[in-house]
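Hi,

Here is the structure I said I'd pass on.

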Amino acid sequence: MFIFGDERDYNKDMSLQFGANAKTYNDASDVQKCIALYLVQMMKKRIPQRAKVYEIGAGTGHLTRQLVGLIGDGRYTVNDLSDEMLTVLWDELDMERAAVE
């Protein structure tokens, strides 16, 4: 809940901040990479092949890349506030491994 300001302004500011650093984000996000690996290890026995996954706040795709390998021919939908972050994700993702939108 936002008490001061407008949530739309906050989202726009966040999008601009992440977008400005999207191309170098992967070089400075070791903690996020570790968390993605940890999450996938926890989910391995719980997520079925061909699952339908919706990832909120995908960023440059640390978790996305791990889960695409896990769900095989499943359906994967991602979103993020920053179009620039998603552009990095699309550029680096192996699109042949899953249907990603």
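**What I found**

D30 and K33 sit three residues apart in helix α3, about one turn of the helix. Helices here are DSSP runs of H or I with at least four residues, strands are E runs of at least two, and both are numbered from the N terminus. The D30 and K33 side chains form a salt bridge at 3.8 Å, N to O; the term means a side-chain nitrogen of Lys or Arg within 4 Å of a carboxyl oxygen of Asp or Glu. As for spacing, an α-helix has 3.6 residues a turn, so residues three or four places apart point the same way. K33 is partly exposed, with a relative accessible area of 32%. On that scale, buried is under 20%, exposed is over 50% and partly exposed is in between (1.4 Å probe, protein chains only).

Before I go on, some housekeeping. This is a predicted model, so bear in mind that local features need pLDDT of at least 70 and side-chain atom pairs count only at pLDDT 80 or more, while totals for chains, interfaces and linings use all residues. Residues are numbered from 1 along each chain as its sequence is written, and side-chain values use heavy atoms, leaving out hydrogens and water.

Back to charges: the whole structure has two salt bridges. The other pair is E92 with R65, at 3.6 Å from N to O. Since E92 belongs to helix α5 and R65 to helix α4, this pair ties together parts that are 27 residues apart in sequence. E92 is partly exposed at 44% relative accessibility, and R65 is partly exposed at 25%.

Zooming out, the protein chain has five helices and three strands, in the order α-α-α-β-α-β-α-β from the N terminus. Of its 101 residues, 36% are buried. Taking contacts (heavy atoms within 4.5 Å) between residues at least 6 apart in sequence, 57% join residues at least 24 apart.

Which residues touch the most other members of the largest nonpolar core? They are I47, V53, L67, I71 and Y76, in a core of 16 residues. Helices α3 (30-43), α4 (62-71) and α5, along with strand β2, each supply at least two residues of this core, and α4 gives the largest share, with five. By core I mean buried Ala, Val, Leu, Ile, Met, Phe, Trp, Tyr and Cys residues joined through side-chain atoms within 4.5 Å. Helix α4 is mostly covered, with seven of its ten residues buried, among them H62, T64 and V68.

R50 is in the loop between α3 and β1 (52-56) and is exposed, at 61% relative accessibility.

S82 is in another loop, between β2 (75-79) and α5 (83-92). With 1% relative accessibility, S82 is buried. A polar atom of the S82 side chain lies 3.1 Å from the backbone nitrogen of M85.

Finally, M42 is in helix α3 and is partly exposed, at 37% relative accessibility.

Cheers

Note on methods
Polar contact = N/O pair within 3.5 Å; in protein donor to acceptor, adjacent residues only side chain to side chain.
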